[in-house]
Amino acid sequence: MWSVTRIVLLLCVFKVVPVPGPDVTSDVEHIYQGWYEVLRTGTYPLDDVTWQYPPAAALAILSPALLPFLGYSAAFFVLAFLCDAFVFGLLRYTGRRPGRSQRGAWIWVAGVPLLGPTAYARYDLMVTAVAVAALLAGLRHPRVMGALAGFGATLKVWPALLLAGTPRGRATFRSWSTAAGAAAGVLLLCTLAAPGALAFLTFQRDRGTEVESLGSLVFHVARHFGWEGEARLNYGSVEFLGPYVSTVTSAAMVLTVAAFAWLLLWRIRARAFSTTTAADAAFVAVLLFTTTSRVISPQYMIWLVGLAAVCLVHRTSRMRRPVHLVVWATAVTQFEFPVWFSHVSHSDPLGIALLLVRNGLLVAATLSACRVLWRQTVTEPRLTPASVPAQRDRSRTLPVA
């Protein structure tokens, strides 16, 4: 099944099988390859506001040079395919161990093609491969997990959230300190290697409310009641521009802060850390980050599918419901982009309905996952059964006739 679905994906990105809607491979052919040419000169794309990624992302953009016998786009798609195979192999291998399950591999098999060619046309699959490897290594090798999480954070920030559920004590100290050291080392090397390594901070700060985000629903509906704004390409994505957009953008950021305040409260209140807690907490943290973000790009779903797969590698995981909700949200995302993206950008009834379903599924998955994590680590450990003293065997005290 993995082979069949991936052949279809390759046929789509190589344009043998056409996909309705905008060409999702254009980012690789034009934007990524343009960055590639700039990076080869020894500098980051300082004049391009669409460069909004941490400095180690340059490694992903430059990676097609590993296959010099292919063109840039073809090499990028092949490398994405190999990363996909790597994740599938890790999940299959881990699923054969005692107490593990093949359900995680099946989630990966199904989730990636449900997103369509976007999965292979963005470098997020490469970052997800690093994140999956980090979580699967975490139980036995906390330093390896920390190193991979730190490196992943310099690729696209969110892998830093993988450390949210590490067990207290020595494991947390080892993984967090190693992650900080790895991230600092990579950042230092990138800063010394080329100017402009930290330019992404300014470009990312100036982003607004993207048309696929949760907050964008306000403006999709408002357009039908005379709102004077518009949706157009801005800072690398289609965003809403007009009255009250800055207010909704600020509200989204406040919601993200509140979500992470809840995550911090959970970390303080958690009493029991089981073998599944690290994966479950990482899944919850990234769900919170994604759902409340002012930007929900389609490729973000790859992050969630990868972490969902790691959750279900554990036979005892209770995250089945939120994982299945994420898989359904991924399937809807392909229709939202690219198939019917014109409906979304024009805020017609079909476009609004697609966003309501996709974002509604993400909200439901987030609330469900938070509830499961809280109950399993905070509530249930407090409900320890009261000890009942053993009753004395009274038959031995009866008088003998």
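I take a disulfide to be a pair of cysteine sulfur atoms within 2.5 Å, and by this rule I count zero disulfides.

I note that this is a predicted model, in which local features need pLDDT of at least 70 and side-chain atom pairs count only at pLDDT 80 or more, while totals for chains, interfaces and linings use all residues. Residues are numbered from 1 along each chain as its sequence is written, and side-chain values use heavy atoms, with hydrogens and water left out.

**Cysteines.** I looked up Cys 12, whose sulfur lies 19 Å from the closest cysteine sulfur, that of Cys 83, and is therefore too far for a bond. For Cys 311 the closest cysteine sulfur is in Cys 370, at 12 Å, which is also too far for a bond. I call a residue buried under 20% relative accessible area, exposed over 50% and partly exposed in between (1.4 Å probe, protein chains only). Cys 12 is buried at 13%, and Cys 311 is buried at 0%.

**Strands.** I read strands as DSSP runs of E with at least two residues, and helices as runs of H or I with at least four, numbered from the N terminus; two strands pair if DSSP finds at least two bridges between them. Strand 1 (residues 230-234) runs antiparallel to strand 2, joined by five bridges, and Arg 232 has Glu 239 of strand 2 as its bridge partner. Two residues lie between the strands of this hairpin, where Tyr 235 takes a positive phi near 55 degrees. Of the five residues in strand 2 (residues 237-241), four are buried.
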